[in-house]
Amino acid sequence: MTRPGKAPGTITRPGPDSDPNPTRGTGHAPCHHGELLQGVFLDAAGRRCAGLVTLPMAGPGSRAEFVRRPGTPPQALTVVPADRTKAAAAAALTVEECARRSGLTPCGGELRLGGDIPVGLGMGSSTSDVIATVRAVAAAHGLHLPPDTVAGLAVRAERASDPLMLDARPVLFAQREGRVLEVLGPALPHLVVVGCTLGGGAPVDTLALPVRETTDADLRAFERLRALLRRALATGDTALLGKVATASARRGQQVLGHPEFDSLIATARRTGAVGVQIAHSGAVAGVLFDPAAAGLHHRVRGCRRALDDQGIPTTRTFTTAPPLSPATTPKEFTPWTSTSRRRSVGRT
């Protein structure tokens, strides 16, 4: 699924004066702002599986450019920056997939990545790199791969994937299997989100987090939250959505244990927010407001001041609604201010 009128991957053929062999493709992928809900759920067959619902965020993203080098062995892949190992794995897998689909002989190539997603905060930076890579490699083969194929490649490349290959339609996504468990509704109710970072913004090593066994009681609680979120989306109930996100965030603290979490909850309560959300595998968090609330701008400013006063750095205030025009965008809707972002890499 892609946004109408905007293809995530494009293909560019060499001009008459350039080398006729390489074919260049580009791809882009967005980020997210952590999760609204994460836990263990039942699939259609009644099997337990890990799942999540992300909070979409426009703005930061990853971009990739891939140049095929026909005649070179498929393992001859160059990646810039060289430390993007997950993207490198995705490129190799996608070359194989695209060769199978297109009939072209697998070959090596050069992958270049850039972007502005803060790293290690739980905003899907690695998944964004991987999906941008898959789209760029596919475009270089003259292909547009369907979302389920992109999801499968992403999971193979990084073991677990965020649902950034889908559009903004809210889904419960099995991140370790790359499949949609449920489409929860047509769209999220509109929210205003005051972003911040917990734990000093230090990156979280997801693999180092303690593993907590899911009990039958846990499963029932997650399924109740799933049903409530489904209802919130069906009715446009922002307050109910906030309650679900807050309950999920509280459960996440059993593993993450952010010391500022109680202060975050208290600030949300004092400023009339509908709830909070966190990245369950990172440090990014958000205070959620109903955009129709009286005195919204005052509430948002008060929230940002209160968080800053408590040593919780605020980052970006954004809305899940369609982009506002410059004439109507409040000054509180600020760009990302974290310094923990990826170095942008482009072709010179």
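This is a predicted model: local features need pLDDT of at least 70, side-chain atom pairs count only at pLDDT 80 or more; totals for chains, interfaces and linings use all residues.

**Entry 1: α6 against α7**

I started with a contact list: L264, T267 and R270 in α6 meet C303, A306 and L307 in α7, where contact means heavy atoms within 4.5 Å. By class, I get four nonpolar, one polar and one charged residue for the contact of α6 with α7. For the classes, Ala, Val, Leu, Ile, Met, Phe, Trp, Tyr, Cys and Pro count as nonpolar, Asp, Glu, Lys and Arg as charged, and the others, Gly among them, as polar. Helices here are DSSP runs of H or I with at least four residues, strands are runs of E with at least two, and both are numbered from the N terminus.

Residues are numbered from 1 along each chain as its sequence is written, and side-chain values use heavy atoms, with hydrogens and water left out.

Next I looked up the geometry. α6 and α7 (residues 296-309) pack at an angle of about 155 degrees, with axes 10 Å apart. Axes are lines fitted to C-alpha atoms, for helices over the stretch in contact, and angles run from 0 to 180 degrees between N-to-C directions. The two helices are therefore roughly antiparallel to each other; the cut-offs are under 35 degrees for roughly parallel, over 145 for roughly antiparallel, 65 to 115 for roughly perpendicular, and oblique for the rest. The crossing of α6 and α7 is right-handed, meaning that the near helix is turned clockwise from the far one by less than a right angle.

**Entry 2: α2 against α3**

What is the angle between α2 and α3? I read about 125 degrees for α2 (residues 125-140) and α3 (residues 147-158), with their axes 10 Å apart. That makes α2 oblique to α3. This crossing is right-handed. On the α2 side I listed S126, T127, V130, I131 and V134, which meet V150, L153, A154, A157 and E158 of α3. The class count for the contact of α2 with α3 is seven nonpolar, two polar and one charged.

I then checked α3 by itself. Its 12 residues reach 16 Å from first C-alpha to last, close to the 16 Å expected at 1.5 Å a residue; the expected span is 1.5 Å times one less than the number of residues. Its buried residues include V150, L153, A154 and A157, with buried meaning under 20% relative accessible area, exposed over 50%, and partly exposed in between (1.4 Å probe, protein chains only). The buried residues of α3 pack against α1 (85-102), α2 and β6 (171-174). After α3 comes R159, whose phi is positive, near 75 degrees.

**Entry 3: α5 and its surroundings**

α5 (residues 238-256) has 19 residues and should span 27 Å at 1.5 Å a residue; I get 26 Å between its end C-alpha atoms, which agrees. Among its buried residues are L240, L241, V244, A245 and S248. What do the buried residues of α5 pack against? The partners are β2 (24-42), α4 (216-235), α6 (261-270), β9 (275-278) and β10 (284-289).

**Entry 4: R230, then the whole chain**

R230 is in α4 and is partly exposed, at 33% relative accessible area. Leaving aside neighbours within four places in sequence, R230 contacts E182 and L184.

Overall, I count seven helices and 11 strands in the protein chain. Of its 348 residues, 52% are buried.
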